[in-house]
Amino acid sequence: MTALSGEQARRVALAAQGFADPPARGEPTRTHLRRVVGRTGLLQMDSVNILARAHYLPVFSRIGQYDDGIVDRAAWQHTARSPRLLAEYWAHEAALIPVEDWPLFGWRMRQYRGGRYRQTREVLQRNAALAADVRDVIVERGATTPSAIEAALGVERATGVTGSWWNRSAVKHVCEALFASGDLSSIRDAHFARHYDLADRVIGADRVGIEVPERDAHRALVSRAARSHGIATVADLADYHRIRIADVRAVLGDLLDAGEITEATVDGWRDQAYLHRDARIPRSVSRSTLLSPFDPLVFYRPRAERLFRFRYRIEIYVPEHKRVHGYYVLPYLMGESLTARVDLKADRGARVLRVLAAHVEEGCDPGAVAESLAADLRRTAHWRGLDDVDVRPRGDLASELAWALRA
């Protein structure tokens with residue numbers, strides 16, 4: 001059994017996620033994106049665009065400034081010369097996954113047949129014939145938005161109520177249900193709106209037709225999670241693709257017997273750990289970068305706390321007066337530690353990156369953190385097409401950071 005210190009486990013995790021890889025030389029390309037996705041296995045999505053869409057940020061964190069269009073083309077376009085690399089599905093929440101992994105989620109698609117949410121299931125039960133009508137429109141028109149499908153079917157929405165989430169139309173519910181069940185897939189437009197199409201046409205009939213037994217799919221997904229984590233507990237492995245812990249335990253023996261993982265202990269970890277056979281322990285990790293709240297390095301909060309002693313809660317849904325660190329707070333990776341957290345907003349009209357709050361982690365040198373963070377904020381601003389960085393006087397790192405940016 002391998003025994004690791006907490007510092008070694010942290011370096012293993014950082015290397016497994018791609019933070020010890022050499023930086024991109026020259027203009028980043030699709031090849032660099034493929035390398036990132038090879039490390040992370042998925043890019044979680046989120047609708048919040050106060051800085052950048054969530055699926056763009058992990059790529060930036062690993063390869064630096066790049067053209068967002070690389071991700072867009074890999075996910076939403078398909079040509080003979082540049083086949084689709086990514087597809088959207090429910091992995092760790094909504095996520096872009098490697099298109100070849102689509103069949104591994106067949107078991108989840110079967111679970112979601114009839115709808116992922118109770119309200120959606122109720123809508124389908126009340127509108128049994130609507131699913132066939134929606135599908136007929138998509139067959140005829142190709143990738144289509146719910147509103148365009150409504151127009152084609154002559155459906156009128158109720159007036160006087162707004163809100164695309166809480167007032168979803170029956171057509172939208174049907175599209176979501178067919179997406180969750182794998183009958184439909186989707187592409188996104190420049191405004192991030194889903195255009196639903198037959199899964200055969202987006203993913204490819206050859207992939208859609210593959211049926212993977214549930215246990216085999218779980219084994220493959222747990223293996224991928226182990227590779228992306230490097231070192232992990234059962235709970236870590238289960239969270240990566242949102243698989244039940246019992247189902248993870250059911251396939252651990254197979255992975256151990258195959259030599260894909262070995263048992264390990266980590267100093268300070270209460271639970272049994274598992275080390276992937278491809279994991280490496282670099283002598284040091286020197287990367288500094290901002291992380292999305294949904295970055296695979298930190299999206300499972302208990303693991304982030306265990307690895308980095310970094311207690312992290314996203315406060316988007318917390319009333320403003322109760323927020324401790326801010327609305328859209330990004331952890332700051334500096335070397336092998338998470339040393340700060342900053343609440344950021346891209347003020348696109350003024351072409352300024354707003355630092356609404358900046359906090360340094362306990363035990364870290366504020367001056368050193370501010371100097372490093374200032375450089376990374378400038379790089380982030382440049383990536384988002386912004387000309388300046390402005391620091392508001394909130395948080396125990398704000399004054400040091402403002403001084404470092406002026407210097």
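**Close-up views of a predicted model**

**View 1. Gly-182 and helix α9.** After α9 comes Gly-182, with a positive phi near 85 degrees. Helices are DSSP runs of H or I with at least four residues, numbered from the N terminus, and strands are runs of E with at least two. The model is predicted: local features need pLDDT of at least 70, side-chain atom pairs count only at pLDDT 80 or more, and totals for chains, interfaces and linings use all residues. Residues are numbered from 1 along each chain as its sequence is written, and side-chain values use heavy atoms, leaving out hydrogens and water.

**View 2. Burial of helix α9.** Helix α9 spans residues 170-180 and is mostly covered, with 10 of its 11 residues buried (under 20% relative accessible area, 1.4 Å probe, protein chains only). Among the buried residues are Lys-172, His-173 and Glu-176, along with Val-171, Leu-178 and Phe-179.

**View 3. Gln-44 in strand β2.** Strand β2 covers residues 43-44 and includes Gln-44. Gln-44 counts as buried because its relative accessibility is 6%. Leaving aside residues up to four places away in sequence, Gln-44 touches Ala-54, His-55, His-92, Glu-93, Ala-94, Ala-95, Phe-294 and Phe-299 (contact: heavy atoms within 4.5 Å).

**View 4. Lining of the second largest pocket, by element and class.** Helix α5 gives the largest share of this pocket's lining, 3 residues. The lining of the second largest pocket holds 7 nonpolar, 4 polar and 6 charged residues (nonpolar: Ala, Val, Leu, Ile, Met, Phe, Trp, Tyr, Cys and Pro; charged: Asp, Glu, Lys and Arg; polar: the others, Gly among them).

Key:
Buried means under 20% relative accessible area, exposed over 50%, partly exposed in between (1.4 Å probe, protein chains only).
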